Amino acid sequence: MPAGVLRLLERLWGHGHAAYVVGGSLRDALMGRDAADWDLATSARPDQVQALFPDARYENRFGTVGVPDDTGCDHEITTFRDEHDYADFRRPHRVEFGNSIERDLGRRDFTVNALAWGRDADEPGPHLIDPFGGLGDIVERRLRTVGEPAARFGEDALRMLRAVRLAAALGFDIEPATLDAIRHAAPLAVHLSGERIAAELLRLLRAPRPSVGLRLAGDSGLLRAVLPELAAQRGIGQNKVAGEDLWHHTLRTVDAAPPGDAIRLAALLHDVGKPSTAADGHFHGHDAVGAAMAEALLRRLHLPRPLIDAVAHLVRLHMFGYERSWSDAAVRRFVAKVGPDDVHDLLALRRADNVGSGLPPNAGRLDELAERVDRVLTEPLVLDRHALAVNGRDLMDEAGYRPGRVLGRVIDRLVERVVEDPSLNDRATLLRLARAMRANAERVDAERHASRPGDRPAIARRPDRDAVT
């Protein structure tokens, strides 16, 4: 136990309050795992805790006070509670503060979390409190609810997601009665907020083998309640590993993906578009459809926008193909399209996808492509307009351009040229190219303008990519 946590306990004891460390960190410490986020429970009321710790913050109406220890680490100190009247399968409608650590532990989810170490103020020394056999369940690597499982899950449906997450994170089995109760209560999970689902999902995906929890979620019906887009993969056949469906492929892929929220989420969602695009044994456009679905799903979970964008980007591009005949310019275009910050995640996603398909990670010569990408990334790269040796003001002042669409398209075309040949990223060279492009660019823009409804008859024009040469 960190010394700072022990000093918090000693201060509470010294002022006549019972105080204990409780919850997941105590469980992990007893298992020999690295423990973090040490939480405390006390007989002291929230106002008494605040009086003892000047930097404390009363965080919610459930009796939790945030307190930094003397090393600067934040901890939650919660008054002993007796909870009643769970009105919406998500949180207690009414909370009563209590005076008993045993009663406080009795409201918790699983026996392995219903442990406490500490003492009452008048006791001689701290000791372990284990009223529900949690230590034995740790030894047996078994997950079991405190009391009747149906009652626990009826109080808070999130406990079912926590069960499958802990099974994956701890390598525990869910005991039969608890698992059977999850199957019966799974529909209650539709009441959970996106934020609570997201928090458990991210923790599950950080487990060594997320498939353990994901498979339990699928088999119990939880997946259908909280992530129906993924539940739709069950039973969808494809020519990957014999006897396995699309959901099995996703599970294999997630396990093969390296740690990281974006890459694990992308592995989970990379084929989310397949069920809705299945036709004639193919999944045409499932990458683009899947990217849109992944974005919508993650927005529903209220995840941060940068994370959503990164996952959707990886899903959209995961079907790329590489050939040994690619020129160095083609590799640079690949890096420019993917982005230097995302290209290694995309390669890792494809490796995981290969493993999920029963192939070697390097299938498609990914190691060769990775080596070429690494060489490209050591070069001075121009991947967008910000790295050009000229900007829009230069083209207006020295190449005769006016602000508008034509200027923007010419700058984009200059970027394309420099991606293909980095030696062109020279101010004088780019100004010369821009002057040569101007007449053709203005002509094409005039043709586009004339072809709009209400103007003179449309004039045939080249595709956008050839609008500037």
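This is a predicted model: local features need pLDDT of at least 70, side-chain atom pairs count only at pLDDT 80 or more; totals for chains, interfaces and linings use all residues.
How many bridges join strand β4 to strand β5? Select residues 64-68 for β4 and residues 74-79 for β5. The two strands run antiparallel, and five bridges join them.

Seven strands form an open sheet, and their order is β3-β4-β5-β2-β1-β8-β9. The pairing is mixed. Select 57-58 for β3 and 127-129 for β9: these are the edge strands, and each of them pairs on one side only.

Select residues 3-14 to show helix α1. This helix lies across β1 (19-22), β2 (39-42), β4, β5 and β8 (116-119). Relative to β1, helix α1 runs at about 150°. Then select residues 24-31, which make up helix α2. Helix α2 lies across β1, β8 and β9, and its angle to β1 is about 70°.

From helix α2, move on to the loop between α2 and β2, where D37 is found. D37 is not a glycine, yet its phi is positive, at about 55°. Is D37 buried or exposed? D37 is exposed, because its relative accessible area is 63% and the cut-off for exposed is over 50%.

The last stop is R365. Look for it in the loop between α19 (343-356) and α20 (366-377). R365 also is not a glycine and has a positive phi of about 55°. With a relative accessible area of 40%, R365 is partly exposed.

Key. Residues are numbered from 1 along each chain as its sequence is written. Side-chain values use heavy atoms; hydrogens and water are left out. Two strands pair if DSSP finds at least two bridges between them. Helices (H or I, at least four residues) and strands (E, at least two) are DSSP runs, numbered from the N terminus. Contact means heavy atoms within 4.5 Å. Axes are lines fitted to C-alpha atoms, for helices over the stretch in contact, and angles run from 0 to 180 degrees between N-to-C directions. Buried means under 20% relative accessible area, exposed over 50%, partly exposed in between (1.4 Å probe, protein chains only).
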